[in-house]
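Biologist: Could you take a close look at one part of this model for me? I'd like to hear about the aromatic rings.

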Amino acid sequence: MQPSKGRRKVGSTPAGAGIDSAEKLDELLISSAICNGEDLGPFVRKTFGTGKPETLLHHLKFFARSKESEIEEVCKAHYQDFIHAVDDLKSLLSDVESLKSALSDSNSKLQSVAAPLLSSLDSLVEAQTVSKNVDLAIGAVTHCVRVMELVSRANQHLQSGNFYMALKCVDTIESDFMEKTPSSTLKRMLENRIPAIRSYVERKVNKEFGDWLVEIRVVSRNLGQLAIGEASAARQREEELRIKQRQAEEQSRLSSRDCVYALNEEEDDEFGSGPESSDAGSSGGGLLGFDLTPLYRAYHIHQTLSLEDSFKKYYFDNRDLQLTSDFQVSTMTPFLESHQTFFAQIAGFFIVEDRVLRTGGGLISKQQVESLWDTAVTKMCTVLEDQFSRMQTANHLLLIKDYVSLLGVSLRRYGYAVDSLLEVLSKHRDKYHELLLSDCRKQITEALSADKFEQMLMKKEYEYSMNVLSFQLQTSDIVPAFPYIAPFSTTVPDCCRIVRSFIEDSVSFMSHGGQLDFYDVVKKYLDRLLSDVLDEALLKLINSSVHGVSQAMQVAANMAVFERACDFFFRHAAQLSGVPLRMAERGRRHFPLTRSQNAAEDTLSGMLKKKIDGFMTLIENVSWISDDIPQGGNEYMNEVLIYLETLVSTAQQILPAKVLKRVLRDVLAHISEQIVGTLCGDLVKRLSMAAIKGLDVDIQLLESFTENLTPLLTDKEAREMKKAFIEIRQMINLFLSSHPENFVNPVIRERSYNALDYRKVATVSEKFRDPSDSIFGTFGTRGSRQNPKNKSLDALIKRLKDVS
């Protein structure tokens, strides 16, 4: 009341009217802010800032009083509505009471009707619950029964060793039944036993695989021996086929009209033509069958156990270790005795690996097999290099080379590269042949030292076939009567066997080694054997052991037979090397035993010349100044002719005609030289015409002897044989001619006296002059007429002195 009075007092004056309007404005602003719910903070701060909070408090109180009347009016308006609502509620309450009684009556009637139904419903719900529980129980029991059936089946498979099916049962239990198994006990049992079963299966399979690894080593060795044996049999069949083919070719060359032949090549079906012929399953087919079931079983089981990669590595590591173990060469056993086992073990190893590669389903890769093979080839090459460097016997080296080449043939069928092995064999070709030559040198020396220089006696046909026909030494296709005396001694077939064995060993070493054309190599070493070994041995024999004519004749006969034998050697080498004979004959060289052949003939000629020299000593008994001409020839010539006739009759049984001709020519030339030498020598001081004519008779006897060799010589050869004593014949003709001075005429000399030496002619001419021309002959013949013959000789001697 007081504030309002105060405001009215202020408003009564003009100055107070302004203040009153300002307060009204503040009041309006505060009222507006309160009504709008605005913040009164600015008003409060302003009021306290001016230091007049009472004004604000006054305005607030005034606003509150102004609102009380409004509140009262609102309350009055709502009170009427409340009264009306209470009246409505009272009327509603009566309706509710009537509805309650109606509902109670309906409820009583409903309960009386629904009570039996509810009891039936409870029974139904209970039955359904029991049925559901029973169904659940049956389902659980069925599930457990199926689990137990699988468990029982797994146990049966385990007991029978059918591990894969056991693991499949375990996998089914684990994937389809483990999580759904209602029995916690059964579930715990399965959780414990399933890993144990898998571990058990893994152990069992690993044990079987370990046993297989032990067994496969023995199997591999037998397998390698079998494969190499079959390769050897196939090679033998090929050799037999080549022999038949060569025989057919020879027959066709001899008689193309009468020859009817056919070569049927046998099927190479001993173990198939390669890996394609074998069974693709775990156990191979044919003779090379071997069981890979344990390996593939273990691999399959590990695949089932999701251990495939680890098993692959385990398998490769173990096989690598086995291969490394196979590389060990025993130091207790000579390599010659153990090499077959060594190489057969490796061959069998890679035959097994080839089968695993092709049928193992990725158990081992091609790169891994190639890596193992590269390691094996390197090791085998090292072993061969080491062993070959130690060997000093050609046969040992050949045995190992043949087996290695068969190893190469066997493994090449499976696609393995064996060139490195063959290169090692080729590298030791020279050493092998040097050893072979050394062995042959010893054998030939022994054969020659055992020779008795006697013709070989053969009592049976098989001896003739073995010693003559087998080396094509026969001179006729007619089989002789037995007993048969051959023109050669035992040296010839013995040496032929040695040379033939050398050829066969050389071809055996060179063949099947990757080199197709090796005839030139075989021929080169055959030339060395004949030229360096056999020829030198024969030369040594001739120079040291031949002491008689019969021995020398036998050696010369042997050399003639060796000439035919050498042709056979080169043909035989060509045939074994697969070279056509026409090519071999086209490239044939000279006779490789020329030195020993010449030495044998020279030795025989030398001994015959010594024998002739013994008879030629009788020439000292010739009267060179006698006037009587010996009608039957001089004594020395008769003795010489008797010996020559005996020699020819004997030599014809041993020596070939061409050898005998060469020897006879040499001997006759020696006789001529001896006679000329005697005429020119100191033994003859003077010569008479009768002595010259006696020599003419001697030479005629020689010419008759030569002409009587008609079965041995042709007419042309007889004429050629007479040239052996052409010097003495021309000299005799010169001194028997009426004009010996014609000797100095070049034309006449070239035509009739081309074999004469003018110095010898001069010497003999001096001795042939008539004694009446000497200083002592002038006393009895002084004033007589000079002989025209002597005039010619004087002219000849003068001309010859002028020439000299």
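How many aromatic pairs does the count come to?

Modeller: Keep in mind that this is a predicted model. The count comes to 18 aromatic pairs. Take Phe-209 and Trp-212: their ring centres sit 6.0 Å apart with the planes at 20 degrees, and since planes under 30 degrees apart count as stacked, this pair is stacked.

For another geometry, go to Phe-335 and Phe-343. Here the ring centres are 6.1 Å apart and the planes stand at 80 degrees, so you get an edge-to-face pair. Phe-335 is buried, and Phe-343 is buried too.

Back to the stacked pair, because its rings belong to a cluster: ring pairs link Phe-209 and Trp-212 with Tyr-299, Phe-311, Tyr-314 and Tyr-315.

There's also a charge over a ring to look at. Lys-401 lies over the face of Phe-509, 5.5 Å from the ring centre.

While you're there, have a look at helix α13, which runs over residues 429–449. Its buried residues include Tyr-432, His-433 and Leu-436, and among the elements covering the buried residues of α13 are α11 (394–412) and α15 (491–510). Helix α13 itself has 21 residues and reaches 30 Å from its first C-alpha to its last, close to the 30 Å expected at 1.5 Å a residue.

Methods: Residues are numbered from 1 along each chain as its sequence is written. This is a predicted model: local features need pLDDT of at least 70, side-chain atom pairs count only at pLDDT 80 or more; totals for chains, interfaces and linings use all residues. Side-chain values use heavy atoms; hydrogens and water are left out. Helices (H or I, at least four residues) and strands (E, at least two) are DSSP runs, numbered from the N terminus. The expected span of a helix is 1.5 Å times one less than its number of residues. Buried means under 20% relative accessible area, exposed over 50%, partly exposed in between (1.4 Å probe, protein chains only). Contact means heavy atoms within 4.5 Å. Rings of Phe, Tyr and Trp (its six-membered ring) pair if their centres lie within 6.5 Å; planes under 30 degrees apart count as stacked, over 60 as edge-to-face and the rest as tilted. A charge sits over a ring if NZ of Lys or CZ of Arg is within 6 Å of the ring centre and within 35 degrees of the ring normal.
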